[in-house]
Amino acid sequence: MKTYFKKIITIAICLITILSLMASNTVISEAKSKSSKKSSKNIVVVLDPGHDTTHMGCHYENFEEGIANLYIAYYCKQELEKYSGVTVYMTRYGFDCPYGANPDTTSDCLTSRVEYAKSVKADVLISLHNDYDPDLDKSQNGAKVIIPNPNYRPDLCIKGHDLGQSILTQLTTTGLAVNDWKLCPNGTGLVTRDSEGGRYPDGSAKDYYALINKSKVSGFATIIVEHAFCTNDSDRINHLSTPEQYQQLGIADATGIANYYGLKLK
Ligand SMILES: [Zn+2]
């Protein structure tokens, strides 16, 4: 009789163990499918080659910003498309302005770029630029990234910060310094800038740059990457003079974006 009970108990324990293993396996596989759904979400990146032939950027010696930014954007797109799980668009593919070629409509042009990014459901808008010092102070050099301020949508500030940091890390591997502008806290190269008068719907100070404040209200982050200074001889000669140098910058941007999103090469 004792043996009979022992057998029953052993079978019951086995059954309970099997059932609990099945249950935990279901939980594990559910968790796996949830996390794989998260990682398989397609990311939409919109690259914005800053300026165009109508809304000119900076010009110094043989350097034309609107053209340089377009080169960098194409190389960045080409590199980023080597990764899976990402779709890349550009706000312009040619030299001319696709949003109304009138030099007096810079603001409309910027609004249209944000609206375009919104229309393709952008996760992020990354505006690619190069810098110059208005006083022609040749000591100003290196890369910085302008990110959303913490107001109204603090999550977009954190996203911009982390993505900007990831891109800056890659840009320094090309030999560029991190720019030490007065608005970059502790030489981080990551800058926020508030508008003096503009306010978000909650009354907090707007971001200074239209691309950043307009996209924040639309619900996504914009960052502005200022790669190098055309007024600094070393930056211009070593980073802003040849297609190969623009390619290096575009690859650095793409690698920084891919690392931030955890993208894998195809
Ligand atoms: Zn610019």
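The model is predicted: local features need pLDDT of at least 70, side-chain atom pairs count only at pLDDT 80 or more, and totals for chains, interfaces and linings use all residues. Residues are numbered from 1 along each chain as its sequence is written, and side-chain values use heavy atoms, leaving out hydrogens and water.

Now show the secondary structure. Helices (H or I, at least four residues) and strands (E, at least two) are DSSP runs, numbered from the N terminus. Glu 65 sits in helix α2 (residues 65-80) and His 129 in strand β5, so this pair ties together parts 64 residues apart in sequence. Glu 65 is buried (under 20% relative accessible area, with a 1.4 Å probe and protein chains only), at 3%. His 129 is buried too, at 12%.

**Stop 1: the sheet.** Select the six strands of the open, mixed sheet, in the order β4-β1-β5-β10-β6-β7. Strands pair if DSSP finds at least two bridges between them. Which strands stand at the edges? They are β4 (86-90) and β7 (190-191), each with a single partner, so one side of each lacks a neighbour in the sheet.

Zoom in on β6 (residues 144-146): two bridges join it to β7, and the two run parallel. Val 145 stands opposite Leu 190 in β7.

Conventions:
Buried < 20%, exposed > 50% of the residue type's maximum accessible area, 1.4 Å probe, protein only.
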